[in-house]
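User: Hi, I have just opened this one and have never looked at it before. Could you walk me through it?

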Amino acid sequence: MSAPTIVVTGAFGQVGRRVTDILLDRGCRVVALGRASQRARTVAQEMIVSAPAGRLIPAFVDMLDSQGVVQVLADHEPEAIVHLAAVVPPASYRNPQGASEINVEGTRLLLAAARRVPTPPFMVLASSAAVYGSRNPHRHPELVTAETPVNPIDRYGQDKVVAEAAVAGSGLPYCILRLGGIISPDVAAEVNRGYLLLMRATPGDNPLHTVDSRDAGLALANACDRRDLVAGKVLMIGGDSSHVHTHRDVVDDLIATVGLGHLGGSVCLPGDPNDEHGWAFTGWFDTAESQALLDFQQHDWASTVHWVAQSQARRRLVLRPAGPVLRPLIRVALALQRRSEHRGPYADPWRLISATYGAAALAQPLS
């Protein structure tokens with residue numbers, strides 16, 4: 001019996017490379033589809049070295065290259081497609097229109113190409129908690145479920161809602177996995193000004209359900225194997241109970257991984273309990289059904305933080321001795337920055353994002 005063929009889009013990203021590795025370990029033939037870049041080619045080469053011979057097939061194709069996507073699917077006739085390719089915040093805020101072209105039109109082109117495959121492939125869409133928009137935990141303390149109404153507040157969340165609808169209406173067998181806050185060493189390695197802005201813009205007491213990228217990859221891989229169980233479902237993908245935090249606690253633990261120690265919550269302002277729109281789009285998930293079906297929660301929060309810290313070993317050697325000096329300086333710098341921005345006592349993430357990137361970064365009226 002020949003090995004099953006699975007296409008993974010966004011295969012060289014922080015979740016894509018993990019789901020690809022899992023599928024390869026299971027004997028699958030994986031067509032790793034991603035946009036050509038130096039980083040993607042480097043990651044692909046690293047993956048090829050450890051992959052069984054002939055099992056990993058890199059395909060450097062832009063998601064908007066309809067002929068290229070059609071050709072890849074025609075050549076390989078996959079049994080399943082794991083669709084991760086997307087432009088995510090903060091990059092999506094810098095170019096909202098370009099991001100929507102990838103996130104929405106790219107998904108539609110992929111679906112059109114998939115419908116041309118003789119045996120329709122099973123489509124696994126990686127969606128996001130961003131579809132739920134701003135959720136004030138004082139007014140909505142309940143866990144987020146697949147039945148919780150979607151109400152995106154930013155363009156990225158809106159893109160995901162539209163992409164979900166396209167998948168559900170495609171006529172292909174499918175399931176949709178809404179991912180929580182992905183944590184991996186990749187995040188620590190790619191922190192830039194945009195990420196830091198999102199970090200401090202989000203209310204410190206905002207509920208945040210994280211998930212180890214290895215576990216997110218396992219959920220997507222298991223969805224391919226258990227398609228009869230998950231077909232037509234929307235499932236919430238977050239870590240076990242140790243991954244249920246506030247944004248402030250996550251930021252503090254991740255800052256500590258680079259050797260600075262804990263800042264004690266001074267990075268983030270609290271959210272306004274009377275403001276429905278002043279909160280970020282992550283909440284705490286009900287993962288009972290997804291865990292029962294996909295059995296993916298393998299890494300608790302402590303092991304995830306340890307994984308990230310291991311990747312920062314060199315930085316820790318430099319920053320740990322300087323931590324006692326740098327921590328108070330960082331606190332003062334953050335206080336001065338808030339004062340210069342005329343910020344009040346509460347976080348106001350969407351005003352800050354709109355002021356930084358423009359109103360086009362927020363959800364737009366649909367035509």
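User: What radius of gyration would a compact globule with 367 residues have, and what does the chain have?
Analyst: Bearing in mind that this is a predicted model, a compact globule with 367 residues would have a radius of gyration near 21 Å, and the chain has 20 Å, which agrees. Along its principal axes, the C-alpha trace spans about 60 × 50 × 35 Å.

User: And how many helices and strands does the chain have?
Analyst: There are 16 helices and 10 strands in the chain.

User: What share of the residues count as buried?
Analyst: Of the 367 residues, 54% count as buried. The accessible surface of the chain comes to about 15,900 Å², and 55% of that surface belongs to carbon and sulfur atoms.

User: What about charges, how far apart are the mean positions of the positive and negative ones?
Analyst: The chain has 34 positive and 35 negative charges, and their mean positions are 7 Å apart.

User: Let's look at helix 16, then. Which of its residues are buried?
Analyst: Helix 16 covers residues 349–357, and its buried residues are P349, W350, L352, I353 and Y357. They cover an arc of only 160° around the axis, which puts them on the same side of helix 16.

User: Why would residues three or four places apart point the same way?
Analyst: An α-helix has 3.6 residues a turn, so residues at that spacing point the same way.

User: What follows helix 16?
Analyst: The residue after helix 16 is G358, which has a positive phi, near 100°.

User: One last thing, where is the cis peptide bond?
Analyst: The cis peptide bond joins P89 and P90, with an omega of about 5°. P90 sits in the loop between strand 4 (80–83) and helix 4 (91–94).

Key:
Residues are numbered from 1 along each chain as its sequence is written. This is a predicted model: local features need pLDDT of at least 70, side-chain atom pairs count only at pLDDT 80 or more; totals for chains, interfaces and linings use all residues. Side-chain values use heavy atoms; hydrogens and water are left out. Helices (H or I, at least four residues) and strands (E, at least two) are DSSP runs, numbered from the N terminus. The radius of gyration is taken over C-alpha atoms; the globule rule is 2.2 Å times the number of residues to the power 0.38. Buried means under 20% relative accessible area, exposed over 50%, partly exposed in between (1.4 Å probe, protein chains only). Accessible areas come from the Shrake-Rupley method with a 1.4 Å probe; for residues, only the protein chains shown count as cover. Lys and Arg count as positive and Asp and Glu as negative; His and the chain ends are not counted. The place of a charge is taken as NZ of Lys, CZ of Arg, CG of Asp or CD of Glu. The arc is that of the directions from the helix axis to the C-beta atoms.
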